[in-house]
Number of protein chains: 2
Amino acid sequence: MASDEKLGRPTDEDLTRRILEAAGRLLGENGYAGLSVEKVAKAVGCGKTAIYRRYPDKGALVAAVLRSRVELGAPPDTGDVRADLLEHARQNQRNQELSPERVHGMRAMFEPDVFPALWEGFFKHRREQGIEIIDRAIARGELPADVHHDILLDTIAGLTLYRQSVKRISIDERHYVDVIDALVTRPPRR
Amino acid sequence: MASDEKLGRPTDEDLTRRILEAAGRLLGENGYAGLSVEKVAKAVGCGKTAIYRRYPDKGALVAAVLRSRVELGAPPDTGDVRADLLEHARQNQRNQELSPERVHGMRAMFEPDVFPALWEGFFKHRREQGIEIIDRAIARGELPADVHHDILLDTIAGLTLYRQSVKRISIDERHYVDVIDALVTRPPRR
DNA sequence: ACACATACGAAACAGGTCGTATCGTATCGT
DNA sequence: ACGATACGATACGACCTGTTTCGTATGTGT
């Protein structure tokens with residue numbers, strides 16, 4: 001039995017890092033369609049083999065790039081639902097906030113070959129964190145028991161998504177506060 | 001001088017219609033990347049020439065498909081801002097409401113070669129209609145003069161976008177009413 | 001009737017891309 | 001030393017984009 005170590009030459013993790021870095025840069029510059037695996041290999045100075053061994057196809061590579069640039073920290077728990085939702089919104093914004101060129105990267109999440117992996121690895125998790133925030137608020141009596149979790153969360157998430165991916169403009173924290181205040185004061189019901 | 005008629009054989013408008021129809025169907029089935037101009041030509045029974053004469057590239061073709069399926073009716077003017085915004089939101093939803101397979105078509109709007117044409121031909125126009133609704137509401141005293149037009153409109157538009165393109169679920173009219181009510185009651189300020 | 005201008009379908013083309021396969025070589029554990 | 005795997009290089013088939021060329025069809029102006 002001896003060891004759990006894998007046999008053979010180990011995968012070069014530093015190479016993995018460089019692949020994701022270069023792919024991210026090229027994705028930001030040229031968009032999903034303009035990104036070619038061959039260019040990534042060229043930029044890194046490796047062969048296509050190294051890339052295809054790690055990711056089954058281009059979509060998986062791009063999904064990995066996006067996930068590597070996203071944070072999935074613990075959901076905030078300040079005791080105040082407005083503060084929690086504000087931090088939740090901030091996290092949304094940070095995860096989507098890319099430099100102007102890289103808006104292409106963000107939009108790549110809608111590619112049919114990219115989205116499913118991102119839903120499983122990211123959106124689902126984010127939703128669960130939001131649900132937690134709201135459930136705690138209900139328990140504290142800050143929100144009515146029949147509040148519509150998803151509508152409330154999707155409104156906040158949608159504002160960021162629309163701004164970043166359509167209009168390419170970030171949102172002032174003050175405006176998040178206004179929208180969250182409105183939604184908490186008159187919450188959508190089931 | 002005589003006539004304004006164009007010289008030569010006139011463009012076959014029925015063929016144009018069939019091209020957009022077939023392109024829309026294939027786009028819905030296979031997404032943007034899975035759509036090929038050659039397949040469209042094959043489906044229609046025409047040559048690629050006929051397509052490239054109408055649209056300079058694949059992106060323009062897809063943009064034309066999306067615009068052909070979108071309504072840009074007059075902005076509602078009921079005298080009540082809540083009713084106007086609800087109709088505005090309904091229009092958003094109708095414009096994005098595609099059968100499940102066709103969610104691919106919707107997402108194609110984020111393609112770098114498609115988006116610019118759609119911004120000019122659609123989003124900009126929709127925004128102007130929303131601004132009009134809000135300005136009339138301010139004039140009637142239903143909204144404060146320092147309301148933040150874009151944040152209010154983007155919140156409504158974002159909810160639909162997030163739901164349709166990320167979660168693929170339509171929104172009950174009742175929930176639009178709730179969200180709009182909250183936003184009008186405590187509007188985001190400048 | 002006839003010339004002209006344009007649209008049409010078919011086909012070939014160059015350039016790029018994806019993803020696979022095949023080399024020989026390098027680097028690990030046993 | 002040996003087996004197993006990663007690595008770089010290269011070639012490959014299949015497909016796609018967008019251009020061009022050809023002969024043909026269909027309109028207008030004289």
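This is a predicted model: local features need pLDDT of at least 70, side-chain atom pairs count only at pLDDT 80 or more; totals for chains, interfaces and linings use all residues.
I started at Ile156(B) and listed what it touches: Leu85(B), His88(B), Ala89(B), Val179(B) and Ile180(B), leaving out residues up to four places away in sequence.

**Cores**

Next I looked up the largest nonpolar core, which has 50 residues. Ile156(B), Val179(B) and Ile180(B) turn up among those with the most contacts inside it, along with Ile156(A), Val179(A) and Ile180(A). I then checked which elements supply at least two residues each to this core: H5, H7, H8 and H9 of chain A, plus H5, H7, H8 and H9 of chain B.

**Symmetry**

I laid chain A on chain B and got an RMSD of 0.1 Å, with a turn of 180° and a shift of 0.0 Å along the axis. The two copies are therefore related as by a two-fold rotation axis. Which C-alpha of chain A is nearest the axis? I found that of Gly158(A), 2.0 Å from it. I also noted that the same surface serves both copies, since 97% of the contact residues of chain A recur in chain B.

**Interface**

I counted 29 residues of chain A in contact with 28 residues of chain B. On the chain A side, the elements giving two or more residues are H1 (13–34), H6 (103–107), H8 (149–167) and H9 (173–185). H8(A) gives the largest share, 11 residues. Sorted by class, I get 14 nonpolar, eight polar and seven charged residues on the side of chain A that touches chain B.

Conventions. Residues are numbered from 1 along each chain as its sequence is written. Chains are lettered from A and ligands numbered from 1 in the order in which they are written. Copies are superposed by least squares on the C-alpha atoms of residues with pLDDT of at least 70 in both. Two residues are in contact if their C-beta atoms, placed from the backbone, lie within 7 Å. Helices (H or I, at least four residues) and strands (E, at least two) are DSSP runs, numbered from the N terminus. Ala, Val, Leu, Ile, Met, Phe, Trp, Tyr, Cys and Pro count as nonpolar, Asp, Glu, Lys and Arg as charged, and the others, Gly among them, as polar. A nonpolar core is a set of buried Ala, Val, Leu, Ile, Met, Phe, Trp, Tyr and Cys residues joined through C-beta atoms within 7 Å. A residue is buried if 20 or more other C-beta atoms lie within 10 Å of its own, exposed if 12 or fewer, and partly exposed in between; C-beta atoms are placed from the backbone.
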